[in-house]
Amino acid sequence: MRAVHAELSKLFSLPGIWLAFLIGVLGPAAFAALDCIAQKEDILAGITTRLPEVGFLGLGFGVQGVILLGVLAVSSEYATESSETGHGQQIITSLTAVSSRLQVLLAKAAAVSLITLLLCIMAIAAIVPVTRLILGEFAPAMEWTRLAGAMGYWMFTALIAFSFTVLTKNGMIPLTVLMINSSLVSFSVLLAKVTKLAYYLPDRAGIDMFMSMSDAYHTPLAGGLVMLAWAAVLFAIAAIVFHRRDARA
Amino acid sequence: MNIPAGRKFTRILGAEWGKLVTLPAVWLILAGTFVAQCVVTAAYTSVALQEGPGMYTILNAGLASMKYLQAGFMMLGITATASEYTGGQIRTTLTTLPWRGLQLSVKHLALAMIAVPAAFLMAGSGVLYSLTMLRDTSADIEPTLMAASLAGATGYLTLTALLGAAAGAILRRTAPALVILLGYYFIVSPLAGAVLPDYLPDAAGYYMYAPPSPDPHNTLTRMQGTGISILWTMLFITAAVVLHRKRDA
């Protein structure tokens, strides 16, 4: 518990976390608002097929915030401080204070999950009034099963970003790959046109948990299980590597 | 120190070049971008083959990977400038090269010396691959159009790298610079593209390499696109140089 508390306080004191909050909370509301405005005429005319998606679209892109959170949680530990302070790395201090490496990793993952949950709830709380305000009585109903799916998507994405960064120790590659993959020009969507196997990539499967896209492949539950499997396997690999590797370098 | 201006310039260029080519991240990013480029071009070409003759021209398939490639070049640019701020290297740099404006400008020049051949190689390999794969199904293209598109693609990627470097120098941290640039290029711009004007960096840059469109409305010519992209990059570099001269390192 004390380790989780320590990890939480480390995370909340990172400057980058405010960018993550900004993207994770205001981003979804902004995208939902843009989408509502763009779709409003079609919705009023009753010809849109995307009505239930307008709010969830924001949640699909707001996940960028928790990608940043998951990456920063790890990469900040490996950032080298200046030569004046002896080229220190925070990870050495962290591992001295809590000597069980698995405990450090679990505490950090727990802290990331907690903040992700908080961000997702705040994002949902921001989206609902925005869609109500713009669309009035046509605002999509927010079913709790789909909201739970979106929360799962955020949580697993954050954990995948987290485990991926444990492996690379540097935030650049996980950030780039994951951010592009949750955008409109996702690698997975492109690969899905070439091979059906790409539907089992984590982001492509995870999106089926809460968005009913035209090319949906999995049921929400199956998509969630596929993504859970990815997150679990990646976390296990990250834990083994983190346990065996020299902390520095 | 009294050094003739010309020798000062070559020495600074040598120093900045030396720093860039000995940075392992630079070569990792270039290699990773090249691998991603091969995968993406192969995927697009295979989609083009599935869709049958006439759907895709060779240039469309070969340069379809540009929107992914630009991420690699952004990373390259950001690394080039933001890496100075990890571990306090910037203080060593400014002790030996106390001419701040000149130092940062020459750093951009050294970066361009790496970015131009890399960009040409990557854009060229994509076009070459789709040329060999789609030779039988697509109509022939004129060599002048191909040369112009390749030159435009090389120029666009180089300008993107320089813009990334300027953003990295302004923000002085890798992760926020990367998140902001990727967020704009991959999330905001594709989603709000219809609302945003044509002369923003990515939209204008698109016309540098895009094959001429049959729709003459709302498009820029290749030269207009190039000019606007250069202006954006110069604007960012100028802002970076001014801030670099004013701020405490």
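## Close-up views of a predicted two-chain model

**Figure 1. The surroundings of Ser75(A), with the neighbours that Ser75(A) meets from elsewhere in the chain.** When residues within four places in sequence are left aside, Ser75(A) is in contact with Thr165(A), Lys169(A), Asn170(A) and Gly171(A). As in every view here, the coordinates come from a predicted model. Ser75(A) itself belongs to helix H3 of chain A, which covers residues 54-78. With a relative accessibility of 14%, Ser75(A) counts as buried, because the limit for that word is under 20%.

**Figure 2. Lys169(A), one of the residues that Ser75(A) touches.** Lys169(A) is placed in the loop of chain A that runs between H6 and helix H7, the latter being residues 172-181. Its relative accessibility is 19%, and Lys169(A) therefore still counts as buried, given that the word applies under 20%. What can be said of the backbone at this place? Lys169(A) has a positive phi of about 65 degrees, although it is not a glycine. As background for a reader new to backbone angles, most residues other than glycine have a negative phi.

**Figure 3. Arg172(B), a loop residue of chain B with a positive phi.** The phi of Arg172(B) is about 65 degrees, and this residue, too, is not a glycine. Arg172(B) lies in the loop between helix H7 (143-171) and helix H8 (174-192) of chain B. Is Arg172(B) buried or partly exposed? At 25% relative accessibility, Arg172(B) counts as partly exposed.

**Figure 4. The aromatic pair of Tyr153(A) and Phe210(A).** Over all chains, the structure holds 14 aromatic pairs. In this one, the ring centres of Tyr153(A) and Phe210(A) are 5.2 Å apart and the ring planes stand at 50 degrees, so the pair is described as tilted. Tyr153(A) is part of helix H6 (residues 144-168) of chain A, whereas Phe210(A) is in the loop between helix H9 (202-207) and helix H10 (220-244), so the pair ties together parts that are 57 residues apart in sequence. Both Tyr153(A) and Phe210(A) are buried.

**Figure 5. The aromatic pair of Phe162(A) and Phe235(A).** Here the rings of Phe162(A) and Phe235(A) are stacked, with 6.2 Å from centre to centre and 20 degrees between the planes. This pair links distant parts of the chain, since Phe162(A) sits in helix H6 of chain A and Phe235(A) in helix H10 of chain A, 73 residues apart. Both Phe162(A) and Phe235(A) are buried.

**Figure 6. Arg146(A) over the ring of Phe56(A).** In this view, Arg146(A) lies over the face of Phe56(A), at a distance of 4.2 Å from the ring centre.

Figure 7. Met66(B) lies in helix H4 of chain B, which spans residues 66-82, and at 1% relative accessibility Met66(B) counts as buried. Not counting residues up to four places away in sequence, Met66(B) touches Ala153(B), Tyr156(B), Leu157(B) and Tyr209(B). Which residues do ring pairs link into a cluster? The cluster consists of Tyr156(B), Tyr206(B), Tyr207(B) and Tyr209(B). For a sense of scale, the C-alpha atoms of Met66(B) and Ala239(B) are separated by 27 Å, and these two residues are 173 residues apart along the chain.

**Figure 8. The contact between chain A and chain B.** The contact takes 31 residues from chain A and 30 residues from chain B. About 2500 Å² of area is buried between chain A and chain B, and carbon and sulfur atoms give 84% of this area. On the side of chain A, Met172(A), Val185(A) and Leu190(A) lose the most area to chain B, together 24% of what that side buries.

**Figure 9. Chain A as the setting for the views of its residues.** Chain A has 10 helices and zero strands. Its radius of gyration is 19 Å, close to the 18 Å that the globule rule gives for 249 residues, so chain A is as compact as a globular protein of that length. Taken along the principal axes, the C-alpha atoms of chain A fill a box of roughly 65 × 40 × 30 Å. Buried residues make up 54% of the 249 residues in chain A. Among contacts in chain A between residues at least 6 apart in sequence, 73% join residues at least 24 apart. The accessible surface of chain A comes to about 11200 Å², and 70% of this surface belongs to carbon and sulfur atoms.

Key. Residues numbered from 1 in each chain as written. Chains lettered and ligands numbered in written order. Predicted model: local features only at pLDDT ≥ 70, side-chain atom pairs only at ≥ 80, totals over all residues. Heavy atoms only, no water. Phe/Tyr/Trp six-rings, centres within 6.5 Å; stacked < 30°, edge-to-face > 60°. Helix = DSSP H or I, 4+ residues; strand = E, 2+ residues; numbered from the N terminus. Buried < 20%, exposed > 50% of the residue type's maximum accessible area, 1.4 Å probe, protein only. Lys NZ or Arg CZ within 6 Å of the ring centre and 35° of its normal. Rg over C-alpha atoms; globule rule 2.2 N^0.38 Å. Contact = heavy atoms within 4.5 Å. Areas by Shrake-Rupley, 256 points an atom, 1.4 Å probe, with all protein chains shown as cover. Buried area = accessible area lost by both parts, 1.4 Å probe.
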